[in-house]
Amino acid sequence: MKIEIRNLKKRFNDNFVLKDISLTIEKNKSTIILGQSGCGKSVLIKTIYQLFSFDDGFILYDGKSEVDIDKFSMLFQYGALFDSLKISENIAFTDFINNKTNFNKKVISLMNDVGLDKSIFDKYPSEISGGMKKRVAFARALYKNPKVIFLDEPTTGLDPINSDKINELILKVITKRKITAVTITHDIKSAIKTGDQYYFIDKGIIQDKGDCKKILKTKNKVFKSFITGADIKQ
């Protein structure tokens, strides 16, 4: 799915969080939204997801203003797993809550795709590591075969080794499944590794954009300052 955003504005009371956002999320590509905490990037993806309304501008989904949000899926920043549910039930949550019982085969297939052993099928989130929880959350996001997946700070809370593993996994899965991916992050290394194109937001506007492989060559002073304060160790 291709998503076009033009002159988008979003405010809360008198505060414009998104002041004038225009960007294109290309079909089957990985788009990275970069920026400091509070810059508006989380509000942007929630607006695209239609969790928030907007005040001005427009969003087109494959050229249309209406979209079936069941085609979207979200990997939340901290996984948002349900502690009282088994790993299999977390992954198949949309079927589990509707009392469907024939999801085991699909769950095991997804677990294999994200590098999880089926031995944790009946375990609970408290019994597995942080890296595994992130993979479970990713499998759950993939469960309904989305056309677009939103990833909210996918490497947050992970050590460098697990961060690299998650980045490799994301790249592998979205390429294999031909999913349009939108990632919000402040992790420059992850952006370079997993993204095709980037947009840098500061104070509610896009300050810079381009090819993720050329991020470190940016001439934008505001973005350079952001990069200087970020972790870009290879």
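Modeller: Let us begin with salt bridges. A salt bridge is a side-chain nitrogen of Lys or Arg within 4 Å of a carboxyl oxygen of Asp or Glu. The model before us is predicted, and the structure holds six salt bridges.

Biologist: Which residue forms a salt bridge with Lys86, and how far apart are the closest N and O atoms?

Modeller: The partner of Lys86 is Asp122, and their closest N and O atoms are 4.0 Å apart. Asp122 is in the loop between α4 (104-113) and α5 (130-142), while Lys86 is in the loop between β5 (72-75) and α2 (87-91), so the pair ties together parts that are 36 residues apart in sequence.

Biologist: Which parts does the salt bridge between Arg177 and Asp113 tie together?

Modeller: The side chains of Arg177 and Asp113 meet at 3.0 Å, N to O. Arg177 is partly exposed, with a relative accessible area of 28%, whereas Asp113 is buried, at 16%. Asp113 and Arg177 also belong to a network of salt bridges with Lys176.

Biologist: Let us turn to sheets. In what order do the six strands of the open sheet stand?

Modeller: Two strands are taken to pair if at least two bridges are found between them. Here the order is β5-β6-β7-β3-β8-β9, and the pairing is mixed. The edge strands β5 and β9 (205-211) each pair on one side only. Neighbouring strands of this sheet are turned against each other by 20° on average, direction ignored.

Biologist: Which pairings illustrate the parallel and the antiparallel sense?

Modeller: Strand β3 (residues 30-34) pairs with strand β7 (residues 180-185) in the parallel sense over five bridges. Four bridges join β3 to strand β8 (residues 197-202), and these two strands also run parallel. Ile33 stands opposite Ile184 in β7 and opposite Tyr199 in β8. By contrast, β8 and β9 pair in the antiparallel sense over six bridges, with Ile206 in β9 as the bridge partner of Ile201. A helix also packs on the sheet: α5 touches β5 and β6 (148-152), and its direction makes about 175° with that of β5.

Biologist: Why is β3 described as largely enclosed?

Modeller: In a regular strand the side chains alternate between the two faces of the sheet. In β3, Ser30, Ile32 and Leu34 point one way and Thr31 and Ile33 the other way, and all are buried. Five of the five residues of β3 are buried, so this strand is largely enclosed by the rest of the structure.

Biologist: Which residues touch the most other members in the largest nonpolar core?

Modeller: A nonpolar core is a set of buried nonpolar residues joined through side-chain atoms within 4.5 Å. The largest one has 31 residues, and those touching the most other members are Ile91, Val107, Phe138, Leu142 and Ile149. At least two residues of this core come from each of α2, α4, α5, β6 and α6. Helix α5 gives the most, with six residues. Ile91 has contacts beyond four places in sequence that include Val107, Leu110, Met111 and Val136. A second, separate core of 27 residues includes Ile3, Leu23, Val67 and Met74.

Biologist: Finally, what does Glu4 touch beyond its neighbours in sequence?

Modeller: Glu4 is in strand β1 (residues 3-12) and counts as partly exposed, at 22% relative accessibility. Not counting residues up to four places away in sequence, Glu4 touches Leu23, Thr24, Phe58, Ile59 and Leu60. The C-alpha atoms of Glu4 and Gly63 are separated by 7.7 Å, although the two residues are 59 residues apart along the chain.

Key
Residues numbered from 1 in each chain as written. Predicted model: local features only at pLDDT ≥ 70, side-chain atom pairs only at ≥ 80, totals over all residues. Heavy atoms only, no water. Buried < 20%, exposed > 50% of the residue type's maximum accessible area, 1.4 Å probe, protein only. Contact = heavy atoms within 4.5 Å. Axes fitted to C-alpha atoms, helices over the stretch in contact; angles between N-to-C directions.
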